[in-house]
Amino acid sequence: MYPGQRTTAPWAAAAAPPAKVSVPHKLHPDGIDIAGWSIRSTKGPILNSADTDTWSDELGMKKLPTMVFGYSKLELKHKGGVVLSLDVRSALQHCFLSVDKGIRPPAVVVAFAEKWSAERPEASSLSVVDEHVDWTFTTTYRGTLSRSDGSEPAQAASTEKLDMELLSRRDPILFFDEIHLFDDELDDNGLASLTVKIRVMPTYWFVLLRYWVRVDEVAYRVYDTRFFHAYESNSILRDTSFRDGSFEDLSKKIPAKKLSKIEDGGEIAQILPERVHLCDRILLS
């Protein structure tokens, strides 16, 4: 265990043996209906070369991640009309440096890219990096919100915090899934990944959208957006945390050999300095 790392994670702590529950719900091969929600998880193949070219043209990106699961997504529809969708196409639209300037960290990414290029002249693919797009595919995507009538769901800033005690409680899991949206090995010099997990419990559902990147011997970054909804509530709590740190700083806490082998952002998320924190509520009616 690394210094500062939590001893219990909400996903692991809740992995109790299945139990019978009295909460009305209906399971489906790809999801669950519960408490006025229709939740569906879709998993599709990696984009082929033709689709990749089409997406590149349509998105205006010179280069896409090596593995884009273009037809995978998570969608949660409420009976009141609010829809929360998490998909890779929308996430890639938030890789542009001109998007979300208010919450995008300072242009330290450019410094990372320059250092990486200077130290690895053999990484010729850097010459095709789009100057308008984050070269590590860092996305500030926080989900897609809509209503069935075409309007936008009402949102309000919040100072609330996630109930970690509740999330860590060993309640039975009614439905769980993990969806990979994209992966890229940064030309064998690191790893960038975007995934979404969902856990549906007897009294609430919880979603984690996680982007993380490891640029070998340069930097690490974890951007998490968590969605929490208690069934008796009339809103969704959305909590976003952007964290990053240099290899030099992290190597003072974790042996360098271990740092280079990390393949899950959850291993280092809690020891990275937090750069941006946002919290808001999405109203269901």
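Glu-75 is buried, with a relative accessible area of 19%; buried means under 20%, exposed over 50% and partly exposed in between, using a 1.4 Å probe and protein chains only. Its side chain meets that of Lys-77 in a salt bridge (3.6 Å, N to O), and Lys-77 counts as partly exposed at 40%. A salt bridge here is a side-chain nitrogen of Lys or Arg within 4 Å of a carboxyl oxygen of Asp or Glu.

A quick word on the source: this is a predicted model, where local features need pLDDT of at least 70 and side-chain atom pairs count only at pLDDT 80 or more, while totals for chains, interfaces and linings use all residues. Residues are numbered from 1 along each chain as its sequence is written, and side-chain values use heavy atoms, with hydrogens and water left out.

**Salt bridges**

The count comes to 18 salt bridges. Here are some of them:

| Pair | N to O distance |
|---|---|
| Lys-77 and Glu-75 | 3.6 Å |
| Arg-40 and Asp-33 | 3.0 Å |
| Asp-244 and Arg-275 | 2.6 Å |

Asp-244 sits in strand β13 and Arg-275 in strand β14 (residues 274-283), so this pair links distant parts of the chain, 31 residues apart; strands are DSSP runs of E, at least two residues long, numbered from the N terminus. Asp-244 counts as buried at 6%, whereas Arg-275 is partly exposed at 49%. Salt bridges that share partners also join Asp-30, Asp-33 and Arg-40 into one network.

**The sheet**

Eight strands make an open, antiparallel sheet in the order β4-β9-β10-β11-β12-β13-β14-β8. Two strands pair if DSSP finds at least two bridges between them. At the edges, β4 (67-68) and β8 (155-157) each pair on one side only. Strands β12 (residues 219-230) and β13 (residues 235-246) pair over 10 bridges.

**Aromatic rings**

The whole structure holds 6 aromatic pairs. Rings of Phe, Tyr and Trp (its six-membered ring) pair if their centres lie within 6.5 Å; planes under 30 degrees apart are stacked, over 60 edge-to-face, and the rest tilted. Trp-37 and Trp-205 are edge-to-face, 5.2 Å centre to centre with 85° between the planes. Because Trp-37 lies in β3 (residues 37-42) and Trp-205 in β11 (residues 204-215), the pair ties together parts 168 residues apart in sequence. Trp-37 is buried at 2%, and Trp-205 is buried at 0%.

Tyr-211 and Tyr-223 form a tilted pair, at 6.1 Å and 55°.

Definitions and conventions. Helix = DSSP H or I, 4+ residues; strand = E, 2+ residues; numbered from the N terminus.
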